[in-house]
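Hi,

Here is the structure I promised to pass on to you.

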Amino acid sequence: EVNMSDTKKTKQQLIDELQTLRKKIEPNASAQPDPGEHTLLGTVANISSIILSHTNLNDILDALTNEIIATNLFRSLTIMLVDNSAQNIQVVRSIHRDGQLNKDISILPLNTENIVGVEARTNQMTVIEGWDDRFAIDKSISQEQHIKGHENKVSYFIPISQNKNVIAILATGSQKQEKQETLNRIEMLRPIMGQLAVAIRYNQNDEQLQQQTRQLEAQIKTQQQDIEEKDQSLDAFQKIDQALLNTLDIDQLFDALIEHIVIQKYFRSLVISLVNYHKQTMQGVRNAFPSNEGIQHQSGELATYNLSDTQKILPLVVKTGQLQIIDSPDDPRLDPPKPPFEPWKNKIAFFIPVKFEDQTLAVLATGCPPDQKDIILNRIRLLEPFLNHVAIALKHAQLHQESKEHALIQEINLKIRNTVQEMKQESDLHHVMHTCLIEIQKWKPDLCTLAIHRM
């Protein structure tokens, strides 16, 4: 384990400690190291300074590999990080004496039978002469070529651990005649391996902390957006509620929905279809959508469907009383588009029932690009409880309209009956027919012509 007070040691103090360590390793070594040895000790001290002077792990790894190769401390160096939480080993640096540096990260599972997996699990330095079947295989060359290429080589795998947990592995190699010298150099690195372990663990903990911070910030941002979304939704719903309370006219009710749902950009578009159970049909009555000129409106009698035609999406929603979502414009439940108007192209379509008790009175349809699907689904979930208010208002408006029509019919019948009675007194058929026409057109203003045949 490394005492953090060691980080304040000077380069000369580190060199003195390394010289003392060297004497323990080689009792017969002279008291005064030769110039080459002093250079080697200086290199080790430089590496220690590098570890202590950087806080970013990538900077440490870059400086470490450059220093080791530049000073010929090792012929090559591969650095691997062990991630116990992710159960993998990441090869993060690989450099050779020719200066060729590879930063491409490759990942091995922690339970691999490769030598680095064994190293990570056993926490024991491994020195292998020649080829070993636990080495990684280059599939571009044969097994014989692998064996021949390692005939005169020695491989070294050095675990770096903290609290007995391996957190990194250094790998290097040498010629057989350089084995003892390489082992001595590895031993000289022992004092700074603890520092490297601390640096790696610090950076791993720092990265985890930063990741947790980013996740927390994202959660807070999402919660803030949800709160803003709910506030906007509540404001829109309250305005619609107020509009519902102030009218029993169905047209005004639909206009309020368009104004506060589309114009206020709760949905990009809205198609309203009304169910008529007496005729067993449903008919589009409003269509609002964005254009270059702003929000465009279509009203009146739009598309009509038979409720029995449940192969189509709108009658299906009436039958099931459930939200339906269509992801493809080619879905056969949609009407074929009439060019150039293609309402569902590159969009996801949502069909939302408006129900009074268990009866679907109307269907609201909207759409959005695929990347906004979750946003619209969330808005629909917020809207669904409020649709009960809409359904009640719509039911009251329908009953009010029916009662007005019934009263009007009663009034017309009374006038026609009175007119007929007058006809018996005056024998004026033309006057009776004219009166009937006027009264009937009061009931059905869209009735353009009326033919009355005398039997």
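Tryptophan 131 and phenylalanine 135 are both buried (buried means under 20% relative accessible area, exposed over 50%, and partly exposed in between, with a 1.4 Å probe and protein chains only). Before I go on, please note that this is a predicted model, in which local features need pLDDT of at least 70 and side-chain atom pairs count only at pLDDT 80 or more, while totals for chains, interfaces and linings use all residues. Residues are numbered from 1 along each chain as its sequence is written, and side-chain values use heavy atoms, with hydrogens and water left out.

**The aromatic rings**

The structure holds two aromatic pairs. Rings of Phe, Tyr and Trp (its six-membered ring) pair if their centres lie within 6.5 Å; planes under 30 degrees apart count as stacked, over 60 as edge-to-face and the rest as tilted. Tryptophan 131 and phenylalanine 135 make an edge-to-face pair, with 5.4 Å centre to centre and 85 degrees between the planes. Phenylalanine 135 also pairs with phenylalanine 157, and this pair is tilted, at 6.0 Å centre to centre and 45 degrees between the planes. Phenylalanine 135 sits in the loop between E5 and helix H5 (143-149) and phenylalanine 157 in strand E6, so their pair ties together parts that are 22 residues apart in sequence. Helices (H or I, at least four residues) and strands (E, at least two) are DSSP runs, numbered from the N terminus. Phenylalanine 157 is buried, as is phenylalanine 135. Through these ring pairs, Trp131, Phe135 and Phe157 are linked into a cluster.

**Helix H4**

Next, have a look at helix H4 (residues 115-122). Six of its eight residues are buried, so H4 is largely enclosed by the rest of the structure. Those buried residues are Ile115, Val116, Gly117, Val118, Glu119 and Ala120. What do they pack against? Their partners are strands E1 (76-83), E2 (88-96), E4 (106-109), E5 (126-129), E6 (153-162) and E7 (165-175), where contact means heavy atoms within 4.5 Å.

At the start of H4, a side-chain oxygen of asparagine 114 comes to within 3.0 Å of the backbone nitrogen of valine 116. Just after H4, asparagine 123 has a positive phi of about 60 degrees.

**Strand E7 and its partners**

In E7, 10 of the 11 residues are buried, leaving the strand mostly covered. E7 pairs with E1 in the antiparallel sense over four bridges (two strands pair if DSSP finds at least two bridges between them). Alanine 168 in E7 is the bridge partner of leucine 81. E6 and E7 are antiparallel too, pairing over 10 bridges, and tyrosine 156 stands opposite threonine 172 in E7. E6 and E7 form a hairpin with two residues between them, and asparagine 163 in the turn has a positive phi of about 55 degrees.

**Salt bridges**

How many salt bridges does a search of the whole structure find? It finds 10, counting a side-chain nitrogen of Lys or Arg within 4 Å of a carboxyl oxygen of Asp or Glu. Here are some of them:

- Glutamate 178 and arginine 75 meet through their side chains (2.8 Å, N to O). The pair links distant parts of the chain, 103 residues apart: glutamate 178 is in the loop between E7 and helix H6 (179-188), and arginine 75 is in the loop between helix H3 (57-70) and E1. Glutamate 178 is partly exposed at 22% relative accessibility, and arginine 75 is partly exposed at 29%.
- Glutamate 129 bridges to lysine 179, with the closest N and O atoms 2.8 Å apart. Glutamate 129 in strand E5 and lysine 179 in helix H6 are 50 residues apart.
- Arginine 185 bridges to glutamate 181, with the closest N and O atoms 2.7 Å apart. Both lie in helix H6, four residues apart, about one turn of the helix. Arginine 185 is buried at 19%, whereas glutamate 181 is partly exposed at 43%.

**One more arginine**

Arginine 93 is in strand E2 and is buried, with a relative accessible area of 5%. Its side chain makes a polar contact with the side chain of asparagine 58 (3.3 Å). A polar contact is a pair of N or O atoms within 3.5 Å; within protein, one must be able to donate a hydrogen and the other to accept it, and residues adjacent in sequence count only if both atoms are side-chain atoms.

Best wishes
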